[in-house]
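Please brief me on this protein model. I want the overall build, the strands, the disulfide and the aromatic side chains, in short points.

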Amino acid sequence: MFVPYQTLHLLLTALAGTVKPARGKSAAALSSSHIYKKNHDVTKTRKGKTEQLLRVDDHDFTMRPAFGGPAIPVGVDVQVESLDSISEVDMDFTMTLYLRHYWKDERLSFPSTTNKSMTFDGRLVKKIWVPDVFFVHSKRSFIHDTTTDNIMLRVFPDGHVLYSMRITVTAMCNMDFSRFPLDSQTCSLELESYAYTDEDLMLYWKNGNESLKTDEKISLSQFLIQKFHTTSRLAFYSSTGWYNRLYINFTLRRHIFFFLLQTYFPATLMVMLSWVSFWIDHRAVPARVSLGITTVLTMSTIITGVNASMPRVSYIKAVDIYLWVSFVFVFLSVLEYAAVNYLTTVQERKERKLRDKFPCTCGIPHSKTMMLDGNYSESDANSLAGYTRSQMVPEEEKQEKMVVHLAMSNASNSSRKRGLKGHVGLRIIQNTHAIDKYSRLIFPGTYIFFNLIYWSVFS
């Protein structure tokens with residue numbers, strides 16, 4: 001049977017109109033209405049605001065709980081999230097922590113059948129009384145506010161309150177750098193009530209030393225964290241009285257390996273490099289002078305770099321002792337070549353005078369000739385005594401070697417023996433080759449001895 005399109009459309013519209021949802025409710029609302037019946041919105045069932053539930057408007061929260069009575073106990077515990085930095089130049093440290101306070105304020109008690117607490121954010125904190133704890137010797141501090149103020153307030157039916165906040169604080173730390181960089185530093189973060197003395201507010205660690213918790217992942221690049229611990233004592237101010245003060249103490253030990261690579265090894269290598277000049281010919285003036293100046297300037301740069309990253313303290317640090325002793329060794333190596341060069345010049349001047357005084361060579365056998373290089377002994381000088389000037393040497397040998405005629409009498413021989421025995425040190429100084437020879441042993445030996453003493457004292 002053929003049914004017109006218009007008639008079919010009217011029939012379907014009529015059938016759809018016979019089934020209608022309840023007034024004001026959708027199909028989805030009908031299917032889930034039983035959920036709303038089981039889980040009621042507490043904000044709708046309670047008549048009034050939170051302030052009315054906690055009776056905030058009924059009390060004066062500008063005064064502490066139990067005002068006029070005994071001191072209110074406020075327990076504190078801390079969880080250290082991170083040690084952000086330790087600054088030797090500014091003598092301070094930066095720490096991020098969770099600071100929690102525990103106290104009882106009966107004005108905030110409320111009736112509850114489930115005995116469950118209520119948790120609020122920082123908006124309620126401005127309307128009730130909270131402890132006025134501050135950080136002593138703090139330079140900068142702030143409460144984190146991303147994405148909102150990191151403040152939590154939890155109130156229990158009997159009036160107990162938990163107040164927690166996340167804070168980053170930069171506080172002063174008195175450091176002793178007399179053993180730097182082989183030192184250990186102990187810093188402390190101090191908490192204290194600003195307005196209330198110990199007669200009004202008693203601060204204490206809630207669980208003793210267990211009140212301080214630290215994150216196991218805390219680490220610093222230059223320090224090893226040895227331990228955290230808590231202490232407490234009274235602090236006195238002459239104008240206001242006694243206050244309870246809590247301390248978060250931590251001990252840091254500096255890693256030495258960084259300074260071994262950046263300071264000690266370069267300084268030691270510069271000292272060893274300055275010893276190379278002892279093996280260079282004293283006539284190579286540009287080589288020895290440039291080497292000495294280079295090592296001196298490098299040591300100056302190392303000393304300047306270390307002091308630039310340190311506070312300007314008035315006492316000597318351990319690293320200063322090592323660097324300045326190393327600098328003295330480098331500087332003495334330059335002075336050593338200056339002495340060698342000067343004595344060589346003086347000796348050459350004397351040789352020229354002797355050649356001018358004795359223009360001819362004497363009749364000394366070839367085996368008894370002596371070069372004017374300063375390498376002669378007493379036995380050689382005695383063996384040359386007694387020769388006369390009449391004995392001559394051919395002109396060819398005169399051109400090959402310059403010799404000196406030494407006419408010594410028996411009396412002069414005996415006086416020379418006494419003079420040589422009394423001036424052994426003078427002979428070593430006059431022998432320019434001997435200065436370099438003994439420097440090759442004295443400089444390394446003395447520096448090794450210094451290192452043994454230094455590391456045994458400061459390590």
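Of the contacts in the chain with a separation of 6 or more, 76% are between residues 24 or more positions apart; contact means heavy atoms within 4.5 Å. This is a predicted model, in which local features need pLDDT of at least 70 and side-chain atom pairs count only at pLDDT 80 or more, while totals for chains, interfaces and linings use all residues. Residues are numbered from 1 along each chain as its sequence is written, and side-chain values use heavy atoms, with hydrogens and water left out.

**Overall build**

- The chain has 13 helices and twelve strands. Helices (H or I, at least four residues) and strands (E, at least two) are DSSP runs, numbered from the N terminus.
- Of the 459 residues in the chain, 37% are buried. Buried means under 20% relative accessible area, exposed over 50%, and partly exposed in between (1.4 Å probe, protein chains only).
- The accessible surface of the chain is about 28,100 Å², and 58% of that belongs to carbon and sulfur atoms. Areas come from the Shrake-Rupley method with a 1.4 Å probe; for residues, only the protein chains shown count as cover.

**Strand 6 and its partners**

- Strand 6 covers residues 151–155. Its covered face carries I151, L153 and V155, and its uncovered face carries M152 and R154.
- Strand 3 (residues 118–120) pairs with strand 6 in the antiparallel sense, over three bridges. Two strands pair if DSSP finds at least two bridges between them. T119 stands opposite R154.
- Strand 6 also pairs with strand 7 in the antiparallel sense, over five bridges. Here L153 stands opposite Y163.
- Strands 6 and 7 form a hairpin with four residues between them. In the turn, G159 has a positive phi of about 100°.

**Disulfide**

- The structure holds one disulfide, defined as a pair of cysteine sulfur atoms within 2.5 Å.
- C173 and C187 are the partners, with S to S at 1.9 Å. The pair links distant parts of the chain, 14 residues apart. C173 sits in the loop between strand 7 (160–172) and strand 8 (184–193), and C187 sits in strand 8.
- The torsion about the S-S bond of C173 and C187 is about -80°, so the disulfide is left-handed.
- Both C173 and C187 are buried.

**Aromatic pairs**

- There are 27 aromatic pairs. Rings of Phe, Tyr and Trp (its six-membered ring) pair if their centres lie within 6.5 Å; planes under 30 degrees apart count as stacked, over 60 as edge-to-face and the rest as tilted.
- Y264 and Y454 have ring centres 6.1 Å apart and planes at 50°, so this pair is tilted. The pair links distant parts of the chain: Y264 lies in helix 6 (residues 257–274) and Y454 in helix 13 (residues 432–458), 190 residues apart.
- Y264 is buried, at a relative accessible area of 1%. Y454 is buried too, at 3%.
- Y454 and F458 also form a tilted pair, because their centres are 4.9 Å apart and their planes are at 45°. Both lie in helix 13, four residues apart, about one turn of the helix. F458 is buried.
- Ring pairs link a cluster that includes Y264, Y454 and F458, and also W275, F278 and Y322.

**Charges over rings**

- K206 lies over the face of Y102, at 4.8 Å from the ring centre. A charge sits over a ring if NZ of Lys or CZ of Arg is within 6 Å of the ring centre and within 35 degrees of the ring normal.
- R233 lies over the face of Y247, at 4.6 Å from the ring centre.
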